[in-house]
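Here is a short tour for anyone who likes to look at contacts before setting up a calculation. Keep the viewer open as you read.

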Amino acid sequence: VHDDNIVLMLADDMPNNVRNVETGKMYGERSRVNDLYKDVQVDYNGRDVTVETFLQVLSGRHSPSTPPGRRLHTTPTSNVLIYLTGHGGSEFLKFQDSTEVSSQDLSLVFSEMNLLQRYGRILLIVDTCQAGTLSDSFTVSSVPNLFFIGSSSKDENSYAHHTDSYLGVAVIDRYTRAILEFFQRRFERESTVKDFIEGTDDEKKLRARVSWWSGFE
């Protein structure tokens with residue numbers, strides 16, 4: 001996927017954290033081989049990452065001064081992948097540990113996108129505690145052609161995979177790691193959503209049950 005078709009929002013800046021001995025780099029594996037930040041362009045970071053800006057990106061309701069690289073240029077035939085990770089709870093995901101986007105917020109913005117013909121199909125993946133509850137406000141009539149996958153079900157946690165010994169913080173969650181390993185195994189093979197769910201849903205490793213919801217009739 002070309003970078004022009006990606007809008008990346010990162011609330012923190014761990015690669016440039018003073019504790020990071022390799023400034024500007026971040027690794028998702030203990031071997032510290034593959035730099036996750038190599039050739040990565042961040043469109044929104046720090047205080048720019050808010051619930052408001054996230055919803056604006058989806059709905060397309062930007063101020064006139066917003067540069068093209070910060071906009072989601074989609075059409076009625078676009079396939080859109082949305083991946084969210086962070087801290088969450090029942091029917092919400094936190095932004096900056098101070099504000100929240102709710103299941104109702106997501107339902108409303110996806111309904112608006114549908115009315116504005118800003119997508120053909122959406123795959124929404126959320127990796128957070130009680131992630132499955134973020135689809136509780138979805139209905140097939142309001143958000144058609146959307147498939148949702150959550151890393152955990154109601155009253156379940158979403159656990160970290162390991163802690164970076166240099167930073168002293170977790171850098172990748174178990175479900176996100178499962179996604180990474182799935183695509184590494186099937187990089188040159190076509191995969192269906194069913195393949196994806198079956199290939200990443202390991203309750204023993206995740207310590208949680210993957211949840212899903214379909215807006216396809």
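A salt bridge is a side-chain nitrogen of Lys or Arg within 4 Å of a carboxyl oxygen of Asp or Glu. Please keep in mind that this is a predicted model. By this rule the count comes to six salt bridges, and three of these pairs are described below, among them Asp48 with Arg70.

**Salt bridges**

Side chains of opposite charge can pair when their charged atoms come close.

| Asp48 | Arg70 | 3.0 Å |

Let's start with Asp48 and Arg70, whose side chains meet in a salt bridge. The pair links distant parts of the chain, 22 residues apart: Asp48 sits in the loop between strand 2 (44-45) and helix 1 (51-59), and Arg70 in the loop between helix 1 and strand 3 (79-85). Asp48 has a relative accessible area of 33%, so it counts as partly exposed. Arg70 is partly exposed as well, with a value of 25%.

Is Glu156 buried or exposed? With a relative accessible area of 13%, Glu156 is buried, because the cut-off for buried is under 20%.

Arg177 is buried at 16% relative accessible area, whereas Glu181 is partly exposed at 29%.

**The second largest pocket**

Arg177 and Glu181 also belong to the lining of the second largest pocket. This pocket has a volume of about 200 Å³. Other residues in its lining include His161, Arg174, Ala178, Arg185, Asp201, Asp202 and Lys205. The elements that give two or more residues to the lining are helix 3 (174-185), helix 4 (193-200) and helix 5 (203-206). Which of them gives the most? Helix 3 does, with five residues. By class, the lining has seven charged residues, three polar and two nonpolar.

Helix 3 also holds Gln184. Gln184 is partly exposed, with a relative accessibility of 48%. From the C-alpha atom of Gln184 to that of Thr133 the separation is 28 Å, and the two residues are 51 apart along the chain.

Strands of a sheet pair through backbone hydrogen bonds, either parallel or antiparallel. Here, an open sheet of three strands runs in the order 4-5-6 with antiparallel pairing. Its edge strands are strand 4 (88-89) and strand 6 (99-102), each of which pairs on one side only. Strand 4 pairs with strand 5 (residues 92-95) in the antiparallel sense over two bridges.

Terms used
Residues are numbered from 1 along each chain as its sequence is written. This is a predicted model: local features need pLDDT of at least 70, side-chain atom pairs count only at pLDDT 80 or more; totals for chains, interfaces and linings use all residues. Side-chain values use heavy atoms; hydrogens and water are left out. On a 1 Å grid over the protein atoms alone, a cavity is a set of points where a 1.4 Å probe fits but cannot get out, and a pocket is an open set with protein on both sides within 12 Å along at least five of seven lines; lining residues have an atom within 4 Å of a point. Grid points are joined across faces, edges and corners, and a volume is the space filled by probe spheres set on the points. Helices (H or I, at least four residues) and strands (E, at least two) are DSSP runs, numbered from the N terminus. Ala, Val, Leu, Ile, Met, Phe, Trp, Tyr, Cys and Pro count as nonpolar, Asp, Glu, Lys and Arg as charged, and the others, Gly among them, as polar. Buried means under 20% relative accessible area, exposed over 50%, partly exposed in between (1.4 Å probe, protein chains only). Two strands pair if DSSP finds at least two bridges between them.
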